[in-house]
Amino acid sequence: MTTPEHVLVVFCHPLEDSFGAALLEQYTAGLRESGRTYEVADLYRENFNPVFPAGDYIQFDGGEMPQHIRQEQARVERADAIAIISPLWWLGFPAMLKGWFDRVWSCGWAYEFANDPDGSLLPLRPYRILFTTGGSAGSFARNGYAEALDSLIRVGVLGWCGVSESSLVLLHDTGIDTSTTDAHLDFVRAVGAGPIVDRAPTPDPRRITILNSPVRARNIPDAPTMAAL
Ligand SMILES: Cc1cc2nc3c(=O)[nH]c(=O)nc-3n(C[C@H](O)[C@H](O)[C@H](O)COP(=O)(O)O)c2cc1C
């Protein structure tokens, strides 16, 4: 795989001085080391409005999304790869990040309103998601949470977002076990410096879970629309 040149890093954390912010610093330092350019979509600091309003339904009638959403989409369009750094809240995206997906990944731009398109209108890009979790690797494995997140987020959500290959990393015990802190920071810097998605083994499976099996997502420029079905 050729190394992508320009990475969009979507960052979600309400606190300026969070551990997530420290991870962002390490990840972008790694990107710089690798010679890549990047831009950060810092959803809280940029006051992104994650609430999907009635007006956004215009997308389903073929209308243009609001200008500030088009600007978010332009950031995606000029990126060769996407990285997302966020805490895991209630086993999913925090509302801010969920709203970013709700609003930015619109019908007619990211996907067509087809019945089960199993793919995206967008050119394919690699994706990396880094989630911090309070829970341990053991509890995620015991309860099947890692596999559930893999299906729902990596295959299900990203499958509609033009994913070529993807990797979802769960950084466990964050904010609970401070002995993992340095290991997570070092790991995330190395991830930033390496390929967006690599198949390297997990450094320490007690602290980090990596999900990156191949997905069958694809782009669908010729997919039938609802009207044609
Ligand atoms: C609203 C909320 C919901 C959370 N839900 C989960 C969860 O479902 N599973 C989990 O392992 N940790 C959960 N956590 C813990 C966070 O993932 C953890 O505090 C965070 O990753 C630590 O990073 P931070 O110190 O930068 O916030 C939750 C935290 C908050 C505030």
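Trainee: Which elements do the buried residues of H5 pack against?

Mentor: One caution before the reply: this is a predicted model. The buried residues of H5 pack against S4, helix H4 (137–143), S5 and strand S6 (208–211). Those buried residues are Ala 146, Leu 149, Asp 150, Ile 153 and Arg 154.

Trainee: How should I read the spacing of residues along a helix?

Mentor: An α-helix has 3.6 residues a turn, so residues three or four places apart point the same way. Keep that in mind when looking at the buried residues of H5, among them Ala 146, Leu 149 and Ile 153.

Trainee: How many helices and strands does the protein have?

Mentor: The protein has six helices and six strands. Starting at the N terminus, their order is β-α-β-α-β-α-β-α-α-β-α-β.

Trainee: How is a pair of packed helices described?

Mentor: Two packed helices are described by the angle between their axes and the distance between the axes. Here, helix H2 (residues 67–77) and helix H3 (residues 95–104) pack at an angle of about 95 degrees, and their axes are 10 Å apart. H2 is therefore roughly perpendicular to H3.

Trainee: Which residues meet where H2 packs on H3?

Mentor: From H2 come His 68, Ile 69, Glu 72, Gln 73 and Val 76, and they meet Trp 100, Arg 103 and Val 104 in H3. Sorted by class, this contact of H2 with H3 has four nonpolar, two polar and two charged residues.

Trainee: Why is H3 described as largely enclosed by the rest of the structure?

Mentor: Because seven of its ten residues are buried. The buried residues of H3 are Met 96, Leu 97, Gly 99, Trp 100, Phe 101, Arg 103 and Val 104. They pack against S1, H2, S3 and H5.

Trainee: Which residues have the most contacts inside the largest nonpolar core?

Mentor: They are Val 10, Leu 97, Trp 100, Phe 101 and Trp 105, in a core of 38 residues. The elements giving two or more residues to this core are strand S1 (6–11), H2, strand S3 (81–87), H3, strand S4 (125–132), helix H5 (145–157) and strand S5 (163–171). H3 gives the most, with five residues. There is also a second, separate core of 22 residues, which includes Tyr 27, Leu 31, Ala 83 and Leu 185.

Trainee: Is Leu 97 buried or exposed?

Mentor: Leu 97, which lies in helix H3, is buried, with a relative accessible area of 0%. Not counting residues up to four places away in sequence, Leu 97 touches Val 10, Cys 12, Leu 43, Ile 84 and Ser 86. Leu 97 and Cys 12 are 85 residues apart along the chain, yet their C-alpha atoms are separated by 6.4 Å.

Trainee: Where does Val 51 lie?

Mentor: Val 51 is in the loop between strand S2 (37–42) and H2. Val 51 is exposed, with a relative accessible area of 56%. Val 51 and Gly 99 are 48 residues apart in sequence, and 5.9 Å separates them in space, C-alpha to C-alpha.

Trainee: How many disulfides are found in the whole structure?

Mentor: A disulfide is a covalent bond between the sulfur atoms of two cysteines. A search of the whole structure finds zero. Cys 12 is buried at a relative accessible area of 1%, and Cys 161 also counts as buried, at 3%.

Trainee: What should I look for in the backbone angles?

Mentor: Most residues other than glycine have a negative phi. Leu 91 has a positive phi of about 55 degrees, and Asp 173 has a positive phi of about 60 degrees. Leu 91 lies in the loop between S3 and H3 and is partly exposed, at 42% relative accessibility. Asp 173 is in the loop between S5 and helix H6 (181–193) and is buried, with a relative accessible area of 12%.

Technical notes
Residues numbered from 1 in each chain as written. Predicted model: local features only at pLDDT ≥ 70, side-chain atom pairs only at ≥ 80, totals over all residues. Heavy atoms only, no water. Axes fitted to C-alpha atoms, helices over the stretch in contact; angles between N-to-C directions. Helix = DSSP H or I, 4+ residues; strand = E, 2+ residues; numbered from the N terminus. Parallel < 35°, antiparallel > 145°, perpendicular 65-115°, else oblique. Contact = heavy atoms within 4.5 Å. Nonpolar A, V, L, I, M, F, W, Y, C, P; charged D, E, K, R; others polar. Disulfide = S-S within 2.5 Å. Buried < 20%, exposed > 50% of the residue type's maximum accessible area, 1.4 Å probe, protein only. Core = buried A, V, L, I, M, F, W, Y, C linked by side-chain atoms within 4.5 Å.
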